[in-house]
Amino acid sequence: MQKGSFSLTTSFRIFYVRLLGFCFLYFSQVAGTKAECPVQLNQKSVVVRYGGSVAVNCSASVPHKGMGWEASEGAVTMTRDSLITWRVSNLIEWDIQPYCYINHEEQCQVELPVTIYKTPDSVSISIVNHRGPMIEGKQYELQCDVHDVAPVQNLTVKWYKGQTLLNQTTFTEDSKTPVNETTTLLIRPDRADDGAQYRCEAELELGAEGPQPPPKETSDLLNITVYFKPIINETKLPSIVPVFRGYPEVLVCEAEGNPKPTIGWSLGANVIVYNETLTISESTPEYVYCVANNSVGRTIRQVNVSIQDISISTVNHREPMIAGEWYELQCLIRNVAPFKIVDVRWYKLNQINVTDTIKTPANLTYKVPICPDRADDGAQFWCEAELEAERPQRSTVSSEHLSITVHFKPIINKTKLPSIVPVFRGYPEVLVCEAEGNPKPTIGWSLGSNVIVYNETLTISESTPEYVYCVANNSAGRTIRQIKVVLKEDYLPLIAGLIAVTVAFISVIFIFIYCIYYKTAKMGRYSLKDAKPSVQNGNIAQNGKHSPIPMKKLSQSNILA
């Protein structure tokens, strides 16, 4: 505080003026009169930052004998002016109490409330009596230290985790000078708080006259690390796991913890396997244990290995099936308890939904009828059972595949063996009878009168009976196809001869006509009448001499004449 800055004379003067004012007010009340002081301040109160400047006007509304400002800083001596200003450029007097006075009929005064504030030099956050990571579930104390702040009665300390306001503290003590304050917050962190950030804020609520928004100082962020014991993922590791013979299962043990836990499997007799996974089969002990360890603690989960069987078979039938006949398949599930059969699925067949809850060990049998056809020969059938244990963890197991053999009666290829076959005399035909069947059929031809020819082909001629039959046999049945042999005459040679004679006759007529045309149109006729020798032109030779004889070409009319 700056009380030492007051001089004795100034202090005495202030005391004396206040005493006179008090006496004046007291005697005025005793006398039953209460007059209002005829001065006005342009501000009812002021809020000033420590070391800041301030200026407030005081004006008189009536004639007076003198008025002034009384203050430990910036005092204004009595004057006859009607407007005077209290002004301080560097206000550092914490308990300053300025007032404006006037000498009217009597002396009166009006005080100016002054609030000087100072934001903290520092705001810090720490953990009380603890270093290092926190342990989940334990209680810890956070401390916020606010240094050199004023006025404390306007101070609010707020606690935050991230952006969430956790708590806030106010102070009831009345102090105008700066003080140090400490406030605490109790927390009990859990695993979700690992890496959380805490902070505290010191805020001065100075009212409407104060700065807006209110001034505040914030501590650094306090990052906390929370250690917690492992938690094993029970969704991925159910307490009961079915294992079907011949179908090993892989168990996965995942655990969350801080520090990261080590995972091991206890198989009894001090056998520990350090791995997150464990392959189990029908030879695995009935109970295995997943053990997760870290520096905070240990978590153990027991797993019951339930050995089970599932199989598929035909009911009362061991031989190949016959196409078109009905048979029954069964799916046998042994040692089901304590599982619920959610559903059983048949592949190549429709799904069968089952919701029976099995509470004791039992063997369950589910049956389904089938009527195979020839396309199912060699097909594989199997069943799947979806099981559900105590928790909503499902497991699907499958039986081995059941391959079926389907026998079916022969089918004769009608494309290669039409029902009507023409045969020309002297031209034998070969019939081909092909048939598909299981087992492979034998092929024979029936020619009537119990005559059977065992062969896929049959040569027919004009001597073959009108009807022949292809017979295909196997153990599933017999198929017969009738073929009608139609005998036809062969007129092809006669037709060929007639065509040859016709062509020859037409050729002779054509040659005759051509010859006549050539003789008349190409050779022509010439006349020697009135021919006169002329100069040599090389047309006729006579007696070895070139003696030209002139010729005249006749027209067609002359020739015909």
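Two strands are said to pair if DSSP finds at least two bridges between them. Strands (E, at least two residues) and helices (H or I, at least four) are DSSP runs, numbered from the N terminus. In this predicted model, local features need pLDDT of at least 70 and side-chain atom pairs count only at pLDDT 80 or more, while totals for chains, interfaces and linings use all residues. Residues are numbered from 1 along each chain as its sequence is written, and side-chain values use heavy atoms, with hydrogens and water left out.

**Sheets and strand pairing**

Five strands form an open sheet with mixed pairing, in the order E37-E44-E43-E40-E41. Strand E37 (420-424) and strand E41 (452-453) stand at the edges with a single partner strand each, so one side of each is left without a neighbour in the sheet. Within this order, strand E40 (residues 442-446) and strand E43 (residues 467-474) pair in the antiparallel sense over five bridges. Gly444 stands opposite Val471 in E43. In general, the strands of a sheet pair through backbone hydrogen bonds, either parallel or antiparallel.

Elsewhere, strand E26 (residues 287-293) is joined to strand E23 (residues 262-266) by five bridges, and the two run antiparallel. Ile263 stands opposite Ala292 in E26. E26 also pairs with strand E27 (residues 298-314), in the antiparallel sense over seven bridges. Here Ala292 stands opposite Thr299 in E27. E26 and E27 form a hairpin, with four residues between them.

**Salt bridges**

A salt bridge is a side-chain nitrogen of Lys or Arg within 4 Å of a carboxyl oxygen of Asp or Glu. A search of the whole structure finds twelve salt bridges. The table lists three of them.

| Salt bridge | N to O distance |
|---|---|
| Asp148 and Lys118 | 3.1 Å |
| Lys236 and Glu254 | 3.1 Å |
| Glu384 and Arg345 | 3.3 Å |

Asp148 forms its salt bridge with Lys118. This pair links distant parts of the chain, 30 residues apart: Asp148 lies in strand E12 (residues 140-149) and Lys118 in the loop between strand E9 (114-117) and strand E10 (122-127). Residues are called buried under 20% relative accessible area, exposed over 50%, and partly exposed in between (1.4 Å probe, protein chains only). Asp148 is partly exposed, with a relative accessible area of 25%, whereas Lys118 counts as buried at 15% relative accessibility.

The side chains of Lys236 and Glu254 also meet in a salt bridge. Lys236 lies in the loop between strand E19 (226-232) and strand E20 (240-244), and Glu254 in the loop between strand E21 (249-252) and strand E22 (255-258), so the pair ties together parts that are 18 residues apart in sequence. Lys236 is partly exposed, with a relative accessible area of 44%; Glu254 counts as partly exposed at 29% relative accessibility.

Glu384 and Arg345 form a further salt bridge through their side chains. Glu384 is in strand E33 (residues 380-388) and Arg345 in strand E30 (residues 340-347), so placed that the pair links distant parts of the chain, 39 residues apart. Glu384 is buried, and so is Arg345. Salt bridges that share partners join Lys118, Asp121 and Asp148 into one network.

**The protein as a whole**

The protein has three helices and 46 strands. Of its 561 residues, 36% count as buried. Among contacts (heavy atoms within 4.5 Å) between residues at least 6 apart in sequence, 64% join residues at least 24 apart.
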